[in-house]
Amino acid sequence: MCLLIRDDLPHKQYSDMGKELTTLLTGWKERQLGLLHGDTALKLPSTESLAIQKMFKQTEPYFSQVYENASIIANESQNVRKDSLVVETALKKVIDSEKKFLNHMNEIVYQYDAEARAKVLFLKNIEFILFVVTILILIAEGLFIFKPVSRKIKETISELIDAESKSTALTHKIKIANNSLSKSLKDIKGINYALELATIMIRTDRYGVITYANEKFCEILKYDKEELIGQRFDILNSHYHAQRFFDIMWETISTGNVWNDEIRNKAKDGSYVWLDTTIIPVLNDEHVPNQYIAIYTDLSEKFRQSVTEHKIRTTSVLEGQEHERRKIARELHDGLGQMLTALKFNIQGMKTPSTKKEQAHVEGIKQLIQETILEVRRISFDLMPSVLNDFGLAAALQHLSERFTISGTKQISIEYVGVKDIGRFGKNVEINTYRIVQEALNNAIKYAEATKITLDLQFDSNRIQFSIQDNGKGFTPHDKKKADGSGRGMTNIRERVSLLNGNLIFNSIIEEGTTITVEIPAVIV
């Protein structure tokens, strides 16, 4: 078909040869992968032979070469103006790799055949061994079992005849008990089946190691069963809840009590799933838990709606704040700033006073006006940093670090160790990221009383990653709710990170310092 496409030769069975070739390539790739990994739809079992897996890996470069270049030919055939040079080059690569690929596939077929023959021979040997063992067992039974047993049977027959009446009555009772047990087992199976379909459930041992997870749990958390079995609860930890939250949970269930609360879990793909969680201890004969059953109710949709509404409200508030910041910044710069500058020039143009006292007074006024102008500029810059609008996030954070270092009332060292330029991002991403760092630096200096701060900024795989590490006094979870205002700063940071669909981690040690790490999805524009 590739040759027909190259030479533009029509074929009565293929009206659209490019589309037909693409379909053939897709089916070919599915079967090639199915031979190696198995495919239930194609009824192809996966291979467990290391030799065949190795041969498939050796075949992969030639398969990829043929597949990719044939795809190029198929794509070119669908273009209005086909590039003959591209088609010819791709066709040559297909022809060059075709023979090698077929040779490797022949070797794989031979290997399949050799392994099948080896298995058949092995089974024949096993069959022969079992036959010999069976004959030997029968001979031994005849010599050592049947003869002594025959004598014992004669003695037992008389006893059995005496016990026949008793066994008949006992059999009747057992039959009634079996019928009842069968009915109970049937009911239990029905209940288990209903639970399996209707609930989200896992089972762990006494140490929190997962021993069972049903299909709905795996579906919601996006894990395979094999990935969960043998793992601890920690694999689902989203780092949203404080450690004390889980300490209380373990204290409750380890004493044999049922625990219930809402937990934010982290799925395999990084998304968050809210589950109403009930953990039921299973007690042994000593009334000590030896395993736990956790039953969940999916609250993701409820929380998703709540989070969406919260994000809409938060976005509106933050946009309103930024609008007011820009408005006030312009008024300070264009209004009050210009008036102060004009006042400064007018005072400088005044006639020099005659006495030293008056001169000192005028100089004091000039100095006060100059300091007021600088303070107005600082406030205006904090409200709306021009460096962020003009040069981007990296330059703005570098400038912010320098300003905090210079303007501090005490000796403060802020070191910027991030990249110098990471490109430009959406306006919403840049301004919110800048505000997060600005808030974190304010908290570190004002509340944590830090003297050394390190700011790192990186960009990798469409994610902005930055951290602020200080040597301040640290804080406890209780400190974040204090009424001195520091707790509000943490709340602002959390809300902005959530608004950007980011991930926030606080790590603080009393008298050693705090590290704030943030990851935000972003695309360079």
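Contact here means heavy atoms within 4.5 Å. Leaving aside neighbours within four places in sequence, valine 437 is in contact with Leu397, Leu400, Leu455, Phe466 and Ile468. The model is predicted: local features need pLDDT of at least 70, side-chain atom pairs count only at pLDDT 80 or more, and totals for chains, interfaces and linings use all residues. Residues are numbered from 1 along each chain as its sequence is written, and side-chain values use heavy atoms, with hydrogens and water left out.

Valine 437 lies in helix α12. Helices (H or I, at least four residues) and strands (E, at least two) are DSSP runs, numbered from the N terminus. Valine 437 counts as buried because its relative accessibility is 0%. Buried means under 20% relative accessible area, exposed over 50%, and partly exposed in between, with a 1.4 Å probe and protein chains only. Helix α12 has 20 residues and reaches 28 Å from its first C-alpha to its last, close to the 28 Å expected at 1.5 Å a residue. That expected span is 1.5 Å times one less than the number of residues. In α12, 15 of the 20 residues are buried, so the helix is largely enclosed by the rest of the structure.

Now follow valine 437 to leucine 397. The two are 40 residues apart in sequence and 7.8 Å apart in space, C-alpha to C-alpha. Beyond its neighbours within four places in sequence, leucine 397 is in contact with Tyr416, Tyr434, Val437, Leu455 and Leu457.

Leucine 397 also belongs to a nonpolar core. Such a core is a set of buried Ala, Val, Leu, Ile, Met, Phe, Trp, Tyr and Cys residues joined through side-chain atoms within 4.5 Å. The largest has 40 residues, of which Leu397, Leu457, Ile464 and Phe466 touch the most other members. Helix α12 (residues 427–446) gives the most to this core, with 9 residues. Apart from it lies another core of 25 residues, among them Ile210, Ala213, Phe233 and Ile263.

Serine 467 lies in strand β8 (residues 463–470). At 18% relative accessibility, serine 467 counts as buried. Leaving aside neighbours within four places in sequence, the contacts of serine 467 are Thr454, Leu455, Asp456, Ile516 and Thr517.

Most residues other than glycine have a negative phi. Histidine 287 has a positive phi, near 60°. Its place is the loop between β4 (272–283) and β5 (289–298), and at 64% relative accessibility histidine 287 counts as exposed. Glutamate 449 has a positive phi too, near 55°. Glutamate 449 lies in the loop between α12 and β7 (452–460), and at 48% relative accessibility it counts as partly exposed.

Step back to the whole chain. There are 13 helices and 10 strands. Buried residues make up 31% of the 525 residues. Residues 24 or more positions apart account for 57% of the contacts with a separation of 6 or more.

How far does confidence reach? pLDDT is the predictor's confidence in each residue, from 0 to 100. Its mean over the chain is 79, and 78% of residues reach 70 or more. Confidence is lowest in helix α8 (residues 300–348), at a mean of 63, and highest in strand β2 (residues 210–213), at 92. Over residues 481–486 the pLDDT is below 50; beyond near neighbours in sequence, this stretch has 6 contacts in the model. Where pLDDT is low, the predicted coordinates should not be read in detail.
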